[in-house]
Amino acid sequence: MGTLIVNVARGDATERRSERFEVPAYESQTVLDVVSWIQQNADPTLSYRFACRVGMCGSCAMMVNGVPRWTCRTHVQKVAKGGALQIAPLRNLPVIKDLVVDMDPFFDKWVAAKAVHHPSRGRAEPMAEIAPDEPGRVTASAGIECINCAICYAACDTVSGSPDYLGPAALQRAWTLVNDAKDGARDAILDAVSGQGGCHNCHSMGSCTTHCPNDLDPLSAIAGLKRETMRKALRRA
Amino acid sequence: MRLERHDTDILILGTGGAGLFAALHAQQTAPDAKITIAVKGLIGKCGCTRMVQGGYNVALGGGDTVERHFMDTIKGGKWLPNQDMAWRLCEQAVVRIRELENEVGCFFDRNADGSLHQKAFAGQTADRTVHKGDLTGIEIISRLMEQVLARPLEKLQEHRAIGLVPTADGSALAGVLMIDMRRGVFRLVRAKAVLMATGGGPTMYKYHTPSGDKTMDGLAMALRAGLPLRDMEMVQFHPTGLLAGDHTRMTGTVLEEGLRGAGGHLLNGAGHRFMFDYDRRGDRATRDVVSRGIYAEMQKSNISPNGGVYISMSHLGPEHVAQKFPGMVKRCADCGFDLAAGKVEVVPTAHYFMGGVEVDVDTRTAMEGLYVAGEDAGGAHGSNRLGGNGVANSTVYGGVAGDVIGREVARLSLRDPDEAVLEAEIARAMHPLSRKPGHVQTLRNALQEAMWEDVGVMRTQAGMARGLARIAEIRAELMQTGVDAANLAFNLTWHDWLNMASLCDVSEVIAKAGLARENSRGAHFREDFPEEGALEASYFTRVQGAQVTRAPVQFTIVTPGETILPEGEPETLVAAP
């Protein structure tokens, strides 16, 4: 099957370098397999992160030839240009070591956007009857399969330019909740996403929607938040 | 080597369904307690609850009852479950599902009229499984994760537990030794109460489904601490794991059960359907039967290029398949396989571990201060877990643990660790760092081959004895294999070594418990003892240290041959397909 030439970004937050590896190519081989092969066979000190292996956990995203991707679900043949791969840690997040980033800033923003369900009922009460085709529910359901892999966050130039910006994933989750009839604090969510770092920072470049491996559409969700926060501000005035 | 010492009130190990629920409930029950949550990966991202495809079993009316769910669970477990645990599981699932929807914020699939949609999995006599498409686990864990992240809990991510450290007199747990993986340093975290919810995950088999972080560390720690473990021979195999060669992590991952239910065909290497040779239900037989059917074809060398069989869906119409199973079709396509129109190689794959630490219905163990929930705890499933009972178990008992610990923590206090045990555990983890670096992955492969061949889908006395010898050889070689210690920060190869140590310990116990069970029940099939044995004389296996014994099953709620369903209740409420 031949050999892949793989350049891997190495080092910790202060000292970065690139190292070149030759990796045997196989017919069924993902980028995660390539990274694993290097650690298991060529350089036991290489650090990377993965968990589920099947695109459910969002732990293994990296920059592959400059593009943020789930490495577990990216077939080498789809991305290797002339048998070459460049692998680097996910953009817009602090590097811990080699290919591992600290995802805390991403999740801190998730919490800052109040992107967490606010109960309107308790466990002793029956569940809400909500038809799946109700308009609010359809909008809420559109973004619900996000696995918080931070690919959209890495793809976003606004995040790169303004470190306060909450980013596409947190804002999309906020929009889901604003449309969720079960959420008990929808106004508070709109307040949380309309201030500094909020939805109005978005320049609608759409890299989030372009790169989402789950085919979700954070761009439209953020547009929805922009409309709804404006409407709320006008109501207040 | 540096050791940092840290104290907390409540320490939770793991952030799957059990760990996250325990954190929420402990905080509700003991709002003033300091709660620390520690996890081998990232919060909510590692672990197996997130990977649940099918759904959540819960009796919510429409003719279905807690009693019916309970009877299905007992029969599915072939009369081996701890009946009080199974009852609590079925009863509390009703509360937990409402909590998930109303308080945690999950949204499960609805019928057109807005009511909850429920379906029936194999082995169930009612439409009972609540779900979110075929990605139920993502919805449950993403919502739980948000709730936990938003609360002021202490979070120790990429902190791996490596040893339970008791008090000097051995009467109670003092704390847990961990490695802060990012920095590569040891930390002893003392706590008044510890919940172990690290998940099982039988990844010592050549083909396996669990998350890559899963290496049975919890049960290995419990074994070293001398706690009694039960049902350790019970490894559930899922019949259709993806088979894509030895060099890819895709191999072993699950292709969902629904493919066979919808009419998918299993074909051997010659392209012939074979399941009707083994069972009148053919491809739709239960997981254990289909796994054995495939294994038998493999033994006869009726195999596909990579050594398994095929699943074929195309006769149902590629467009129909793509529409009905979008997630599976896309996953296969990303990996280079055409599930909708072609055929995909599959193999039985180790999926779930029914065995675990012996606990009471309140998650307490024999050691004061230690509680266990989720896949680390044994008893609720007996010899076989029904699809949909896994996530119900982890969330129900995680919540129970949080409540119980929250109530009991006030009367518990911090304890001094046995410094000799602490030193021994540190020495155990440092063992490879002073030896000549070797190739850990070769040993992992050897262990996975040994367990698959000798302690796998079909077992014999001679096979398991051979397996034990192979495990011992592999462990001896592991002890001679070193790891480069130049930089211990995020040193995956050191953790691979520690993973292997856990897997060797638990593999040995699986084989020993398998030898002790001289009949065939649920997931455990003995070619030399193919009968299930007298149900009323059912026993479960117990491992404690080097001792393996049998203990009689207590029929505290129902005895074999009887039912707790009212007279005249139909056998099943599920319409025939």
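Tutor: Two residues are in contact if their C-beta atoms, placed from the backbone, lie within 7 Å. The model discussed here is predicted.

Student: Among contacts in chain B between residues at least 6 apart in sequence, what share joins residues at least 24 apart?
Tutor: Chain B has 577 residues, with 14 helices and 18 strands. Take its contacts between residues at least 6 apart in sequence, and ask how many of them join residues at least 24 apart. That share is 75%.

Student: And what is the corresponding share in chain A?
Tutor: Chain A has 10 helices and seven strands. Of its 237 residues, 52% are buried. Again taking contacts between residues at least 6 apart, the part that joins residues at least 24 apart is 64%.

Student: What radius of gyration does chain B have, against that of a compact globule with 577 residues?
Tutor: The C-alpha trace of chain B spans about 60 × 50 × 50 Å along its principal axes, and 62% of its residues count as buried. A compact globule with 577 residues would have a radius of gyration near 25 Å, and the value for chain B agrees with this: 23 Å.

Student: Which strands stand at the edges of the open sheet in chain A?
Tutor: Five strands form this sheet, in the order E2-E1-E5-E3-E4, and the pairing is mixed. An edge strand here has a single partner strand, so one side of it is left without a neighbour in the sheet. The strands in that position are E2 (16-24) and E4 (67-70) of chain A. From one strand to the next the twist averages 35°.

Student: Which residue is the bridge partner of Val64(A) in E4(A)?
Tutor: Strand E3 of chain A covers residues 61-64 and pairs with E4(A) in the antiparallel sense, over four bridges. Within E4(A), the partner of Val64(A) is Val67(A).

Student: What angle does the direction of helix H1 of chain A make with that of E2(A)?
Tutor: H1 (residues 31-42) packs on the sheet. It touches E1 (3-11), E2, E3, E4 and E5 (84-88) of chain A. With the direction of E2(A), its own makes an angle of about 95°.

Student: How many nonpolar residues are on the side of chain B that touches chain A?
Tutor: 54 residues of chain B are in contact with 50 residues of chain A. Helices H3 (83-104), H4 (136-149), H9 (326-334) and H14 (492-516) of chain B each give two or more residues to this side. By class, it holds 17 charged residues, 18 polar ones and, as the number of nonpolar residues, 19.

Student: Which element gives the largest share of the largest nonpolar core?
Tutor: That core has 261 residues, and those with the most contacts inside it include Leu171(A) and Val194(B). Leu171(A) touches, among others, Ala113(A), Val193(A) and Leu225(A). The largest share of the core is 14 residues, and it comes from H14(B).

Student: Which residue in the turn between E17(B) and E18(B) has a positive phi?
Tutor: E17 (residues 539-544) of chain B also runs antiparallel to E10 (residues 229-230) of chain B, joined by two bridges. With E18 (residues 547-552) of chain B it pairs in the antiparallel sense over six bridges, and Thr541(B) stands opposite Arg550(B). E17(B) and E18(B) form a hairpin with two residues between them. The turn residue with a positive phi, of about 60°, is Gly545(B).

Definitions and conventions:
Residues numbered from 1 in each chain as written. Chains lettered and ligands numbered in written order. Predicted model: local features only at pLDDT ≥ 70, side-chain atom pairs only at ≥ 80, totals over all residues. Buried ≥ 20, exposed ≤ 12 C-beta atoms within 10 Å, placed from the backbone. Rg over C-alpha atoms; globule rule 2.2 N^0.38 Å. Pairing = 2+ DSSP bridges. Axes fitted to C-alpha atoms, helices over the stretch in contact; angles between N-to-C directions. Nonpolar A, V, L, I, M, F, W, Y, C, P; charged D, E, K, R; others polar. Core = buried A, V, L, I, M, F, W, Y, C linked by C-beta atoms within 7 Å. Lists of a residue's contacts leave out its neighbours within four places in sequence.
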